[in-house]
Amino acid sequence: PYVVAKFSIDSFPFAKVELQQYFIVAALITSGIGTIINVLKVEIPFSKKIFGKHLYVGSGLLSVMGTSFTFLPIFEIAILSMKADGFTGEEAYGKMLGTSMLCAVLEIFFSLLPGKYIRKIFPPVVSAVAVTLIGVALTGTGMKYWGGGVVCAEMGWKQHAQVVDSVGFGMPVSNVPSAICSGSAQVALPYGSTEYIGLGFSVLVFLV
């Protein structure tokens with residue numbers, strides 16, 4: 001949510017700090033409520049009489065429900081496209097939020113179908129391709145974060161000496177100042193430092 005609020009809804013010079021704070025707090029509260037419901041595994045009333053079996057909201061497993069990166073590529077492209085058509089960032093985000101709510105109703109409907117019908121609608125080939133494409137779309141973002149930050153990675157090349165000399169004729173390619181890629185909490189490290197790369201590898205090892 002923070003990435004969408006800052007770089008899609010808002011824009012340079014990123015002045016809407018209250019909006020960014022709101023998105024972070026809303027994401028944390030929603031994640032907490034979703035986690036509680038998922039862990040408690042709440043039974044849907046009268047599901048036995050209507051569907052012939054007990055249906056639940058939640059898995060009953062101790063797992064944290066949080067925000068996902070899978071929506072980022074679609075949201076960023078759609079919001080920027082609507083802003084180019086004259087909508088404000090808040091209006092564009094509202095339209096995407098409404099679309100997500102409608103899609104959630106469709107997902108609820110699919111969850112009530114027997115497994116054999118779901119496998120016919122979404123065969124393994126379709127599901128595998130969709131999941132693979134999501135991973136491919138997020139691979140670039142993950143690698144940029146691995147090096148120290150998405151903004152630093154995307155803005156840094158515009159200030160590179162070879163790019164400036166060959167394309168910008170001695171001037172920066174973009175009129176937007178390059179992000180300062182040397183601040184991370186109390187640690188000041190440039191983008192792509194070995195410390196960032198090592199930290200990323202340590203996380204990968206623990207996950208595996």
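K41 lies in the loop between α2 and β1 (42–43), where helices (H or I, at least four residues) and strands (E, at least two) are DSSP runs numbered from the N terminus. This is a predicted model, in which local features need pLDDT of at least 70 and side-chain atom pairs count only at pLDDT 80 or more, while totals for chains, interfaces and linings use all residues. Residues are numbered from 1 along each chain as its sequence is written, and side-chain values use heavy atoms, with hydrogens and water left out.

- K41 has a positive phi of about 55° although it is not a glycine, and its place is just after α2.
- At 36% relative accessibility, K41 counts as partly exposed; buried means under 20% relative accessible area, exposed over 50%, and partly exposed in between (1.4 Å probe, protein chains only).
- F46, found in the loop between β1 and α3 (47–51), also is not a glycine and has a positive phi, of about 65°.
- F46 counts as exposed, because its relative accessibility is 60%.
- As background, most residues other than glycine have a negative phi.

**Helix α2 and N38**
- The 24 residues of α2 should span 34 Å at 1.5 Å a residue, and its end C-alpha atoms are 35 Å apart, which agrees; the expected span is 1.5 Å times one less than the number of residues.
- The buried residues of α2 are L19, Q20, F23, A27, S31, T35 and N38.
- N38 sits in helix α2 (residues 17–40) and is buried because its relative accessible area is 9%.
- Leaving aside neighbours within four places in sequence, N38 is in contact (heavy atoms within 4.5 Å) with G58, S59, G60, L61, S63 and M65.

**A nonpolar surface patch**
- V25, I29, I33, I36, I37, L40, V42, I44 and V57 make a nonpolar surface patch of about 770 Å².
- Patches are made of residues with over 30% relative accessible area and no salt bridge, joining like charges within 9 Å and nonpolar side chains (Val, Leu, Ile, Met, Phe, Trp, Tyr) within 5 Å.
- A salt bridge here is a side-chain nitrogen of Lys or Arg within 4 Å of a carboxyl oxygen of Asp or Glu.
- Helix α2 gives the most to the patch, with six residues.
- V25 lies in α2 and is partly exposed, with a relative accessible area of 45%.

**Helices α5 and α10**
- Helix α5 (residues 89–111) has 23 residues that should span 33 Å, and its end C-alpha atoms are 33 Å apart, which agrees.
- The buried residues of α5 are G89, A92 and M96.
- F201, in helix α10 (residues 194–207), is partly exposed at 47% relative accessible area.
- F201 and W146 are 55 residues apart in sequence and 8.9 Å apart in space, C-alpha to C-alpha.

**The whole chain**
- The chain has ten helices and two strands, in the order α-α-β-α-β-α-α-α-α-α-α-α.
- Of the 208 residues, 19% are buried.
- The accessible surface (Shrake-Rupley method, 1.4 Å probe) comes to about 14700 Å², of which 71% belongs to carbon and sulfur atoms.

**Confidence**
- The average pLDDT (the predictor's confidence in each residue, from 0 to 100) is 75, and 73% of the residues score at least 70.
- Residues 157–180 stay under 50, with 26 contacts beyond four places in sequence in the model.
- Residues 182–186 also stay under 50, with four such contacts.
- Where pLDDT is low, the predicted coordinates should not be read in detail.
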